[in-house]
Amino acid sequence: MISLHGLGDIGNTSNPTMLHCASFLPMFQGQKAGQERPYVLLILNHDLPVLTLFLWNKASLRICADGGANQIYDSLPNLFPNENPATVRERYKPDIIKGDLDSIRPEVKEFYSALGTEILCDADDQDSTDFQKCVKHVMGNIHEVGNGHMKLLVLGGLSGRLDHVFANVNTLYLFPKVQMVLLNDENMAFLLPRGYKHEIRIDSSLEGPHCGLIPLGEPSSCTTTTGLKWNLTNSSMKFGGLISTSNRPVADHITVQSDTDLIWTVTLHSLQSRLKEQMSSADWTPI
Ligand SMILES: Nc1ncnc2c1ncn2[C@@H]1O[C@H](COP(=O)(O)OP(=O)(O)OP(=O)(O)O)[C@@H](O)[C@H]1O
Ligand SMILES: Cc1ncc(C[n+]2csc(CCO)c2C)c(N)n1
């Protein structure tokens, strides 16, 4: 998802255009080889997507939120049943593990610590989640993430415990300047901050058929879209009224303009099966 701020005015609004494009996805069409942008990977503690393997190599930094380290420790060897688990774990060593460290198992902590992973404990703050602590850390250390020029791809936060899922989506609102994408093998979600005209590129070979535009933080009194099966025209949306779910992209780019922050979500179709197919092909080499 390339997001470029301040590209100038489009149409009848003075808002700058923010471009979103999921070029980090493997097999994304429309991106020339070698033009992929760098990103940071943040691994949460739920249901590691197969996609992780395909995003790992190109990440500038890999950080696990506390128990996210258990996820990679436990799940990655299962994806390589013919290999020694320790060899797989050594190949996918996180750079940092951060959080209150009440979820990471002792043997996981010892394993990655021995490999040189930086383990950062912040147990004093009981008002923010380990995910938020990791975002703050990355923003403070990687300037491009803090200023929105490098994406932060977050794996495993879209399903599982509902209180965590709400906290995970709230984290998008807490850091509106960070280009953060919540991802698993089935869905992608990100914030469309107010004050921009949003242009969302759709690669229909990977994205769709379903999408949603959700006024989660506050009601919208004026949202206008193009490129959707059910477009909004200066429409109101609120919880307790209309929200746009079970919508469908019908063009290769969608535009969204709104008076409030909105969550954009789109399904990813057949990604997991296609990635697993790729892994079983003769010329696929582990990263
Ligand atoms: N069951 C789950 N469903 C969805 N997301 C989860 C789940 N468990 C953990 N997470 C995400 O992974 C992060 C790290 O998980 P971990 O298990 O270390 O946290 P926790 O101790 O349950 O909660 P906290 O982050 O609030 O300390 C959480 O901050 C949260 O974003
Ligand atoms: C009003 C309110 N509700 C819940 C929590 C609990 N909580 C939220 S984030 C977090 C950190 C977990 O590592 C904890 C314990 C709180 N502090 N304040």
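Colleague: Which residue in E15 is the bridge partner of Ala189?
Modeller: In E15 the bridge partner of Ala189 is Thr265, and this belongs to an antiparallel pairing in which E8 and strand E15 (residues 262-268) are joined over six bridges. Helices (H or I, at least four residues) and strands (E, at least two) are DSSP runs, numbered from the N terminus, and two strands pair if DSSP finds at least two bridges between them.

Colleague: Before I trust that, what sort of model is it, and how are things numbered?
Modeller: This is a predicted model, in which local features need pLDDT of at least 70 and side-chain atom pairs count only at pLDDT 80 or more, while totals for chains, interfaces and linings use all residues. Residues are numbered from 1 along each chain as its sequence is written, and chains are lettered from A and ligands numbered from 1 in the order in which they are written.

Colleague: Back to E8, then: how many of its six residues are buried?
Modeller: Five of the six residues in strand E8 (residues 187-192) are buried, so the strand is mostly covered, where buried means that 20 or more other C-beta atoms lie within 10 Å of the residue's own, exposed means 12 or fewer, and partly exposed is in between, with C-beta atoms placed from the backbone.

Colleague: And what joins E7 to E8?
Modeller: A hairpin through three residues joins E7 to E8, and strand E7 (residues 180-183) pairs with E8 in the antiparallel sense over three bridges. Leu183 stands opposite Met188 in E8.

Colleague: In what order do the strands of the 10-strand sheet come?
Modeller: The order is E5-E4-E3-E2-E6-E7-E8-E15-E10-E13, in an open sheet with mixed pairing. Its edge strands are strand E5 (118-121) and strand E13 (244-247), each of which pairs on one side only. From one strand to the next the twist averages 20°, with axes being lines fitted to C-alpha atoms, for helices over the stretch in contact, and angles running from 0 to 180 degrees between N-to-C directions.

Colleague: How do E2 and E3 run, parallel or antiparallel?
Modeller: Strand E2 (residues 39-43) and strand E3 (residues 59-65) run parallel, joined by five bridges. In E3, Arg62 is the bridge partner of Leu41, and Ile63 is that of Leu42. On to E4, the pairing of E3 is again in the parallel sense, over three bridges, and there Ile96 is the bridge partner of Ile63.

Colleague: Which helices go with those strands?
Modeller: Helix H1 (residues 51-56) makes a right-handed β-α-β unit with E2 and E3; right-handed here means that, with the strands pointing away from the viewer, the path from the first strand over the helix to the second runs clockwise. Helix H2 (residues 68-79) lies across E2, E3 and strand E4 (96-99), running at about 105° to E3, and contact means C-beta atoms, placed from the backbone, within 7 Å.

Colleague: Changing topic, which residues are closest to ligand 1?
Modeller: The closest are Asn45, Asp66, Gly67, Ser103 and Gly160, out of 20 residues that surround ligand 1; a residue is near a molecule if its C-beta atom, placed from the backbone, lies within 6 Å of it. Helix H5 (130-141) and helix H7 (162-174) are the elements that give two or more residues to this shell, and H7 gives the most, with three residues.

Colleague: How does the shell around ligand 1 divide by class?
Modeller: There are four nonpolar, 11 polar and five charged residues, counting Ala, Val, Leu, Ile, Met, Phe, Trp, Tyr, Cys and Pro as nonpolar, Asp, Glu, Lys and Arg as charged, and the others, Gly among them, as polar.

Colleague: And what surrounds ligand 2?
Modeller: Ligand 2 is surrounded by Asp100, Gln126, Asp127, Ser128, Thr129 and Asp130, a shell with no nonpolar, three polar and three charged residues.

Notes:
Two residues are in contact if their C-beta atoms, placed from the backbone, lie within 7 Å.
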